[in-house]
Amino acid sequence: MVGMNILSQLQARFRTALAGVVDDPTELLAMVRPSQDAKFGDYQANFAMPLGKRLGRPPREVAEEVVGRLVVDDFCEPPEIAGPGFINLRLKTAWLAQATARALADDRLGVEPAVQPRTYVLDYSSPNVAKPMHVGHIRSTVIGDSLKRTLRFLGHRVIADNHIGDWGTQFGMIIYGYKHFVDRAAYAASAVDELSRLYRLVSQLVGYHDNRAALPKLRAEIERQESEVARLKQAGPKADKAAEKSAAKNLRRAEANHQEMRSSLAATEAGVAQIDRDPLLVKLAAAHADIGRAVLAETAKLHDGDAENVRLWHEFLPPCLADIERIYRRLDVTFDVTLGESFYNDRLAAVVEDLTKRGIARESDGAMCIFLEGQATPLIIRKQDGAFLYGTTDLATIQYRVETWSPDAMLYVVDHRQGLHFDQLFATARLWGCDKVELQHISFGTVLGDDGRPFKTRSGDTVGLWGLLDEAVRRAHEVVSQGDDRKPGGPEISPAARQQIAEVVGIGALKYADLSQNRTSDYTFSYEKMLAMNGNTATYMQYAHARVLSIFARGNVDVAALRSGGGVIDLARPVERALALAILQFSEALDLVATEYRPNFLTAYLFEVANRYSTFFEECPVLKAPDEATRTSRLLLCDLTARTLRRGLELLGIAVVDKM
């Protein structure tokens with residue numbers, strides 16, 4: 001019997017058919033895919049053109065030979081060859097109905113567990129403990145959580161590790177701030193809020209002094225660049241076109257560098273001016289002129305085991321972790337382990353020693369560095385003053401994960417700006433012997449505001465994640481209430497239920513808005529778009545699910561009895577057949593997510609299912625079907641649609657509601 005993953009079965013059949021035509025058909029099998037247009041069948045194989053070119057034969061002739069070897073008559077109509085060699089395949093409707101019935105009886109909706117399960121370590125969210133979680137954390141958190149859920153559902157072993165920042169310079173800042181600026185009453189009232197204020201204050205003061213120190217160098221560099229631009233402009237005509245073109249290119253580059261440096265100067269001057277306008281901050285900055293060095297000293301004392309700093313660290317950590325956990329509970333995000341940077345502190349010296357002994361690291365200007373082929377700058381693992389860096393901790397983390405879990409893959413869900421760091425980290429890990437483990441940076445873009453810049457509050461502050469959730473829920477409450485108030489028979493949902501639904505809809509909308517994007521792209525944040533009742537939104541999916549349940553409620557349908565009643569699926573109408581086919585492609589969508597580590601393949605799939613259900617709902621009466629057999633068949637399709645949407649949203653970390 002053909003498995004429920006139709007695409008993989010077709011690819012397996014084509015692999016057999018191609019065995020006598022080409023040595024390795026793997027690349028060609030990627031060109032077997034679902035059709036974009038139903039008039040070309042359900043699936044297409046588009047490899048005849050490149051294969052014909054490789055073999056020096058007409059593509060249509062190659063397609064005919066492959067079709068002659070292809071055995072799919074147990075579940076497909078006879079294949080058709082179109083145009084220069086496209087192979088079109090249409091599933092037998094009777095087989096499709098039987099496969100749909102099998103999915104109905106399967107709690108996993110026909111998704112078979114992996115034949116060869118892998119072990120994944122999934123590193124995501126990873127906030128700095130000393131800072132409140134903000135909008136920038138949403139992407140890593142929800143992408144990582146969705147990948148965890150999907151990979152587990154597919155039968156893989158997943159260790160979700162929240163590698164929190166609990167040991168870095170930010171704690172040096174907080175310790176310094178606590179010793180010099182703490183408001184005792186505020187700290188007693190809310191330790192997290194006061195520690196956050198101290199962090200921001202110390203960060204401002206450190207930045208002020210850094211910016212002031214940078215200004216003379218920036219201005220001198222701008223003067224040098226202005227002279228260079230003037231020199232290039234005044235240069236006389238060149239001897240030939242090539243020299244003229246090269247001179248023009250050099251001028252453009254010099255002008256661009258000059259403009260970039262001027263922008264950098266303007267930003268630095270603005271940062272200094274912001275402090276200079278505040279008498280209190282100016283006074284504090286003057287009194288703490290050496291704050292940058294002092295913060296590093298407090299950090300070093302913590303790392304060296306200074307009793308007072310270690311005591312403060314132990315005091316600060318629990319409320320900070322509790323505040324982060326409060327957000328995770330609301331997001332329904334969990335981890336198997338939360339091992340912060342501090343956990344690996346006692347491994348760092350040994351890591352440097354081992355890398356040095358193996359000849360992977362060497363000294364350069366007093367620092368221990370790893371010079372990698374193709375990289376302009378080295379990965380520094382110990383500074384001149386003996387301090388370790390993030391790279392050292394990350395290498396120790398890889399070492400621990402390999403020793404503890406023997407993973408097949410380690411996935412790091414971290415924003416794209418860390419690309420160079422992970423290139424260097426992974427290259428070093430492979431030199432160190434970690435060459436049999438898949439190491440992947442699951443990068444993602446930035447959340448933008450309407451102005452095309454990173455999403456901020458009106459005052460220019462980074463948007464806090466708790467406030468973001470509150471606002472999403474508040475707006476969802478408005479949407480739910482308006483929809484309920486407009487119902488023909490009057491409101492049906494109690495105030496308490498509305499609030500509960502708003503929590504599910506609002507947080508689901510926030511997650512889905514992120515997950516539906518190609519993760520490597522930036523996206524513009526919009527409450528209105530994410531809560532829209534139509535389009536590719538969680539709200540639309542949740543509404544489609546609730547609409548199915550409302551049919552069952554109106555018809556007094558006993559769903560358990562419906563599923564066990566032996567009803568036959570009849571796909572007589574094209575829209576019924578199209579819906580059934582979409583439902584059976586669930587496994588294919590999940591395979592794509594697992595292969596590419598992109599949850600947006602799942603959101604696109606769910607949107608397609610919801611759209612096909614909407615068309616089916618408009619064209620096919622369910623409760624008022626012409627006869628009992630048709631009614632039962634359509635109710636079964638409704639049930640299967642709701643279960644697919646519910647399971648798919650669950651794998652995205654999004655809940656559903658019974659009413660909207």
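1. In this predicted model, the lining of the second largest pocket draws at least two residues from each of strand E1 (32-34), helix H22 (574-584), helix H23 (586-596) and helix H24 (600-619). The volume of this second largest pocket is about 790 Å³.

2. Which residues lie nearest the centre of the second largest pocket? They are Pro-34, Ser-35, Gln-585, Glu-608 and Arg-612, out of a lining of 28 residues. By class, the lining of the second largest pocket has 14 nonpolar, five polar and nine charged residues.

3. Within the antiparallel sheet, E1 pairs with strand E2 (residues 43-45) over three bridges. One of the residues to look at is Val-32, whose bridge partner in E2 is Ala-45.

4. A second open sheet also has four strands, in the order E6-E5-E10-E11, and its pairing is parallel. Strand E6 (157-161) and strand E11 (438-442) each have a single partner strand, so one side of each is left without a neighbour in the sheet. From one strand to the next, the twist averages 15°.

5. Strand E10 (residues 409-413) pairs with E11 in the parallel sense, over five bridges. In this pairing, the bridge partner of Leu-411 in E11 is Gln-440. Helix H15 (residues 390-405) lies across E10 as well as across strand E5 (119-123) and E6, and runs at about 135° to E10.

6. How many cavities of 30 Å³ or more does the model contain? The count comes to two. The largest cavity holds about 60 Å³ of space, and the second largest cavity about 30 Å³.

7. The lining of the largest cavity consists of Val-129, Ala-130, Lys-131, Pro-132, Met-133, Val-192, Leu-195, Ser-196, Cys-320, Asp-323 and Ile-324. Helix H9 (191-234) and helix H13 (307-331) are the elements that give two or more residues to this lining. Eight of the residues lining the largest cavity are nonpolar, one is polar and two are charged.

8. The second largest cavity is lined by Met-4, Leu-109, Gly-110, Val-111, Ile-583, Leu-584 and Ser-587. Its lining divides into five nonpolar and two polar residues, with no charged residue.

9. For helix packing, consider helix H7 (residues 169-181) and helix H12 (residues 291-303). Their axes come within 8 Å and cross at roughly 110°, which makes H7 roughly perpendicular to H12. On the H7 side, the contact is made by Thr-169, Phe-171, Gly-172, Met-173, Ile-175, Tyr-176 and Lys-179. On the H12 side, the contact residues are Ile-291, Ala-294, Val-295, Leu-296, Glu-298, Thr-299, Lys-301 and Leu-302. Sorted by class, the contact of H7 with H12 has nine nonpolar, three polar and three charged residues.

Technical notes:
Residues are numbered from 1 along each chain as its sequence is written. This is a predicted model: local features need pLDDT of at least 70, side-chain atom pairs count only at pLDDT 80 or more; totals for chains, interfaces and linings use all residues. Side-chain values use heavy atoms; hydrogens and water are left out. Two strands pair if DSSP finds at least two bridges between them. Axes are lines fitted to C-alpha atoms, for helices over the stretch in contact, and angles run from 0 to 180 degrees between N-to-C directions. Contact means heavy atoms within 4.5 Å. On a 1 Å grid over the protein atoms alone, a cavity is a set of points where a 1.4 Å probe fits but cannot get out, and a pocket is an open set with protein on both sides within 12 Å along at least five of seven lines; lining residues have an atom within 4 Å of a point. Grid points are joined across faces, edges and corners, and a volume is the space filled by probe spheres set on the points. Ala, Val, Leu, Ile, Met, Phe, Trp, Tyr, Cys and Pro count as nonpolar, Asp, Glu, Lys and Arg as charged, and the others, Gly among them, as polar. Angles under 35 degrees count as roughly parallel, over 145 as roughly antiparallel, 65 to 115 as roughly perpendicular and the rest as oblique.
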